[in-house]
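Please have a look at the sequence and the 3D view, and then read on.

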Amino acid sequence: PPGDTRRVFVTERAGRVRLILDGIVQSTPFLDLTEITESGFQERGLLSVAFAPDYAVSGRFYVYLTARNPTGEIQIREYQRSAANENVADPASGRVLLAIAHNQAPNHNGGQLQFGPDGRLWLATGDGGGANDQYGHAQDPSSLLGKLIRLEPANPVPEVLARGLRNPWRFSFAPDGRIVIADVG
């Protein structure tokens, strides 16, 4: 989380978020979403976690995953840190901010989620899978697949900022504000 050098969080594709506290992996997962996460294919699973810029106060964080039900659906979910124990999340606090059908092929799910310099949540989605954008989602303005999207978590209406992406699995903001996307295609 922003400003906390003692805590490092890592994701397991199967659906767990692990906490490393002062260099020691905690035995209890910070959050366990294995029951709802589809990870049986090479490119699916719990793909990213982003902590709110005010995480130290709000305890809010977000996950990008592919769901078991409906199969392969890309979900952006909001969670809250536990009020009783800051080293675990409250799994009951989860709410889906955005759900995007992704059931035509198990690949090209995208996978990056982070807060941008504007304080909003940014995500990049894959084109729906297969090969050569065979379903036409990346260039289709009515589809949220194959896009760079921005959300305001309090009012999660997706704003498409770029289209035509194949499988953008990571991106970063350069110091001058430009965005650099690692896209497999």
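Leu121 has Leu151 in β11 as its bridge partner. Strands, like helices, are DSSP runs numbered from the N terminus (strands E, at least two residues; helices H or I, at least four), and two strands pair if DSSP finds at least two bridges between them.

A word on the source: this is a predicted model, in which local features need pLDDT of at least 70 and side-chain atom pairs count only at pLDDT 80 or more, while totals for chains, interfaces and linings use all residues. Residues are numbered from 1 along each chain as its sequence is written, and side-chain values use heavy atoms, with hydrogens and water left out.

Back to the strands: β10 and β11 pair in the antiparallel sense over 4 bridges. They belong to an open, antiparallel sheet of 4 strands, in the order β9-β10-β11-β12. Its edge strands, β9 and β12 (155–163), each pair on one side only.

Another open sheet, also antiparallel, has 4 strands in the order β5-β6-β7-β8. Here β5 (46–51) and β8 (89–100) are at the edges with a single partner strand each, so one side of each has no neighbour in the sheet. Within this sheet, Tyr62 has Glu78 in β7 as its bridge partner.

| Strand pair | Sense | Bridges |
|---|---|---|
| β6 (residues 60–66) and β7 (residues 74–81) | antiparallel | 7 bridges |
| β10 and β11 | antiparallel | 4 bridges |

Now for the nonpolar cores, which are sets of buried Ala, Val, Leu, Ile, Met, Phe, Trp, Tyr and Cys residues joined through side-chain atoms within 4.5 Å. Buried means under 20% relative accessible area, exposed over 50%, and partly exposed in between (1.4 Å probe, protein chains only). In soluble globular proteins, nonpolar side chains tend to be buried together.

The largest core has 17 residues, of which Tyr62, Tyr64, Ile76, Leu113, Leu121 and Leu123 touch the most other members. β8 gives the most to this core, with 3 residues. Apart from it lies another core of 16 residues, including Phe30, Phe51, Val63 and Tyr79.

Finally, where is His108? His108 sits in the loop between β8 and β9 (112–115). His108 is buried, with a relative accessible area of 4%. Its side chain makes a polar contact with the side chain of Asp127 at 2.9 Å. A polar contact is a pair of N or O atoms within 3.5 Å; within protein, one must be able to donate a hydrogen and the other to accept it, and residues adjacent in sequence count only if both atoms are side-chain atoms.
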